[in-house]
Amino acid sequence: MKNLNKSEESIEEVINFLNNNIDASPFNQDDPIKCVHCLFRKIAILVLSKKIKIVKINFENKLDFNFKTDQEKNKQGSHWHNSIIENINIFLKNKNLETEKEPKMFFGRADLFVKKKKLYIEVGTINIYKLLCNINNMKDCCIHILSNEKNLVEIKL
Ligand SMILES: [Zn+2]
């Protein structure tokens with residue numbers, strides 16, 4: 001049973017990473033699967049079977065996301081959400097990257113889409129069931145999840 005214990009440890013490790021770096025939305029009453037741990041577990045298995053790649057990117061090391069934000073604002077509010085999206089949008093436009101607001105995904109919408117990079121950007125809390133559906137049904141694209149102003153989680157599909 002040693003191997004099984006080992007894979008169980010690896011799954012827990014990825015679940016912890018997801019828990020620590022992605023803010024799950026509390027609004028999930030209509031979702032067929034509501035348990036965030038179970039949803040993260042499904043995503044962790046996709047990571048460990050190498051179907052998707054997930055990495056954490058710190059903004060200090062990546063000038064691509066060197067946008068300025070207003071630290072004083074309330075992080076949970078919609079004002080924070082909107083100002084971050086607006087900052088990213090201006091930043092990308094200054095780099096001549098065309099963006100689309102509230103682009104359609106397989107399920108639901110993201111906050112921003114960068115056409116040239118096939119990159120969907122989600123800011124703030126995210127519905128994890130929606131995320132799993134999109135991971136399972138989209139390919140050849142990338143999702144960036146920004147839960148705070150210091151780093152993001154990149155999911156490559
Ligand atoms: Zn569960």
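Going from the N terminus, the protein chain's elements come in the order α-α-β-α-β-β-β-α-β-β. That makes four helices and six strands, where helices (H or I, at least four residues) and strands (E, at least two) are DSSP runs, numbered from the N terminus. Keep in mind that this is a predicted model: local features need pLDDT of at least 70, side-chain atom pairs count only at pLDDT 80 or more, and totals for chains, interfaces and linings use all residues. Numbering starts from 1 along each chain as its sequence is written.

Some elements discussed here:

| Element | Residues |
|---|---|
| α1 | residues 2-21 |
| α2 | residues 36-48 |
| α4 | residues 128-137 |
| β1 | residues 53-58 |
| β2 | residues 99-101 |
| β6 | residues 151-156 |

On to the sheet. Six strands make an open sheet with mixed pairing, ordered β1-β6-β5-β4-β3-β2. β1 and β2 sit at the edges with a single partner strand each, so one side of each has no neighbour in the sheet. From one strand to the next, the twist averages 20°. β1 and β6 run antiparallel and are joined by six bridges; two strands pair if DSSP finds at least two bridges between them. Within that pairing, K56 has V153 of β6 as its bridge partner.

Now the helices. α2 and α4 pack with their axes 9 Å apart, at an angle of about 25°. Axes here are lines fitted to C-alpha atoms, for helices over the stretch in contact, and angles run from 0 to 180 degrees between N-to-C directions. α2 and α4 are therefore roughly parallel to each other (angles under 35 degrees count as roughly parallel). On the α2 side, the contact is made by V36, L39, F40, K42, I43 and L46, and on the α4 side by I128, Y129, L132 and I135; a contact means C-beta atoms, placed from the backbone, within 7 Å. Those residues split into nine nonpolar, no polar and one charged, with Ala, Val, Leu, Ile, Met, Phe, Trp, Tyr, Cys and Pro counted as nonpolar, Asp, Glu, Lys and Arg as charged, and the others, Gly among them, as polar.

The loop between α1 and α2 holds D30. D30 is exposed, because 8 other C-beta atoms lie within 10 Å (exposed means 12 or fewer, buried 20 or more, with C-beta atoms placed from the backbone). The C-alpha atoms of D30 and Y129 are 10.0 Å apart, although 99 residues separate them along the chain.

Terms used. Angles under 35 degrees count as roughly parallel, over 145 as roughly antiparallel, 65 to 115 as roughly perpendicular and the rest as oblique. Two residues are in contact if their C-beta atoms, placed from the backbone, lie within 7 Å.
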